[in-house]
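Please keep the sequence and the 3D view at hand while reading.

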Amino acid sequence: MRALTYTEHGGPEVLHVAAVPEPHAGPGQVRVRVAAAGVNPIDWKLLGGFMGGSETPEAPVVPGFDAAGVVDEVGEGVTGVSVGDDVFGLGTGTQAELAVLTAWAPKPASLDWSVAAAAPSALEVSERVLRLVGVEPGQTLFVAGGAGGVGAVLVQTAVARGITVVASAGADNQGYLREIGAVPVTYGDGLVEAVRAAAPGGVDAVADVAGRTAAAELFALAPSHDKVISIANFDLAAEGALVTGGGPGESRPVEALGEGAELLRESRIVIKVQTFPLDRAAEAYATSLSGHVRGKLVLLP
Ligand SMILES: NC(=O)c1ccc[n+]([C@@H]2O[C@H](COP(=O)([O-])OP(=O)(O)OC[C@H]3O[C@@H](n4cnc5c(N)ncnc54)[C@H](OP(=O)(O)O)[C@@H]3O)[C@@H](O)[C@H]2O)c1
């Protein structure tokens, strides 16, 4: 099958499309013929060898964790899904013609393949962040970095649950934040004052999903340090914030995909996507590396 691969660590220039052996669905898994695959910052972090394991890979690596496609193999013990079903979900090596998924949900018929492929990780992280920081309907959440792949889905999931959201982004993304239901503020000088003005009753919890906001600003806005959660700045743990990488016991992907499928079907979550053919994956990675993505980047194999 054709897949995006790399055989050495580096920047987007070391990516290439090559023929690799097909994966197969193991117990509890399904294989899909991939219609679209999401790109996440973790992809270029792994490509660059920034996540540990920086030695040259032993075999060509096929990157990617998000996909939408048609089931073509059902692993042992899997029930409730059949060959030919349209699904979206989380797996490994998704930036390829065929990929194995470990968690999935039926793709709403009205949902574009590329939007479905953009959603899985962002839905999983959003469900996790809201649960771990414990923010309830009627409360107010500040999202530091609301315009990115995770941020935009987190904002909309929270709004759909009846949470008031104030979110930060650059000047160009203020209109986008408003569109997705947040009260927008610009990051940089005056951030704390701007959030306080936008949420005069105070903020009940703070979710840092870009890892670019100073700890002092995040803590100044939260009622206590344990009401700050970050997915991107693990140093905050030393000061009493919650940090989460989706380790064992933290993730509930099936639950998140189920809730997300419904919100996507009802257009209560809308994801802006920019699509690239697999052959132009390096451009998508370079865009992600820029750190200023609006919505999500998706590859079409
Ligand atoms: N721990 C986990 O489980 C987990 C899971 C998924 C992702 N992550 C990490 O979370 C981070 C975000 O992921 P993503 O997919 O959302 O990335 P992304 O799509 O590339 O979005 C990055 C966002 O950061 C915003 N940003 C840049 N500088 C900022 C600043 N100073 N203050 C606030 N926002 C700022 C950008 O907004 P502007 O364009 O408006 O500047 C952009 O929308 C990455 O580091 C990723 O690796 C962690």
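How many Å separate the centres of domain 1 and domain 2, taken over C-alpha atoms?

## Basis of the model

This is a predicted model, in which local features need pLDDT of at least 70 and side-chain atom pairs count only at pLDDT 80 or more, while totals for chains, interfaces and linings use all residues. Residues are numbered from 1 along each chain as its sequence is written, and side-chain values use heavy atoms, with hydrogens and water left out.

## Two domains

The centres of domain 1 and domain 2, taken over C-alpha atoms, are separated by 27 Å. Domain 1 comprises 2–119 + 271–300 and domain 2 comprises 123–243, with bounds that come from an automatic or database domain assignment. Between them, eleven residues of domain 1 are in contact with twelve residues of domain 2, where contact means heavy atoms within 4.5 Å.

## The ligand and its shell

The shell holds 26 residues, of which the closest are Lys45, Gly170, Tyr187, Thr244 and His292; a residue counts as near if one of its heavy atoms lies within 4 Å. Helix 1 (41–47), helix 3 (120–133), helix 4 (149–160) and strand 8 (164–169) each supply at least two residues of this shell; helices (H or I, at least four residues) and strands (E, at least two) are DSSP runs, numbered from the N terminus. By type, the shell divides into twelve nonpolar, eleven polar and three charged residues, where Ala, Val, Leu, Ile, Met, Phe, Trp, Tyr, Cys and Pro count as nonpolar, Asp, Glu, Lys and Arg as charged, and the others, Gly among them, as polar.

A polar side-chain atom of Lys45 lies 2.7 Å from an oxygen atom of the ligand, and a backbone N or O atom of Val293 lies 3.0 Å from an oxygen atom of the ligand. A nitrogen atom of the ligand, in turn, is 2.9 Å from a polar backbone atom of Ile231. Of the 930 Å² of accessible area that the ligand has on its own, the protein covers 87%, with areas taken from the Shrake-Rupley method with a 1.4 Å probe.

Is Asp208 buried or exposed? Asp208, found in strand 10 (residues 205–208), is buried, because its relative accessible area is 1% (buried means under 20%, exposed over 50%, partly exposed in between, with a 1.4 Å probe and protein chains only). Leaving aside neighbours within four places in sequence, the contacts of Asp208 include Ala144, Leu218 and Ile231, and its side chain reaches the backbone nitrogen of Gly211 at 2.8 Å.

Asn173 sits in the loop between strand 8 and helix 5 (174–179), and with a relative accessible area of 12% Asn173 is also buried. A polar contact of 2.5 Å joins the side chains of Asn173 and Arg294; such a contact is a pair of N or O atoms within 3.5 Å, and within protein one must be able to donate a hydrogen and the other to accept it, while residues adjacent in sequence count only if both atoms are side-chain atoms.

## Ser267

Most residues other than glycine have a negative phi. Ser267, however, has a positive phi of about 55 degrees although it is not a glycine, and its place is in the loop between helix 8 (253–265) and strand 13 (273–277).
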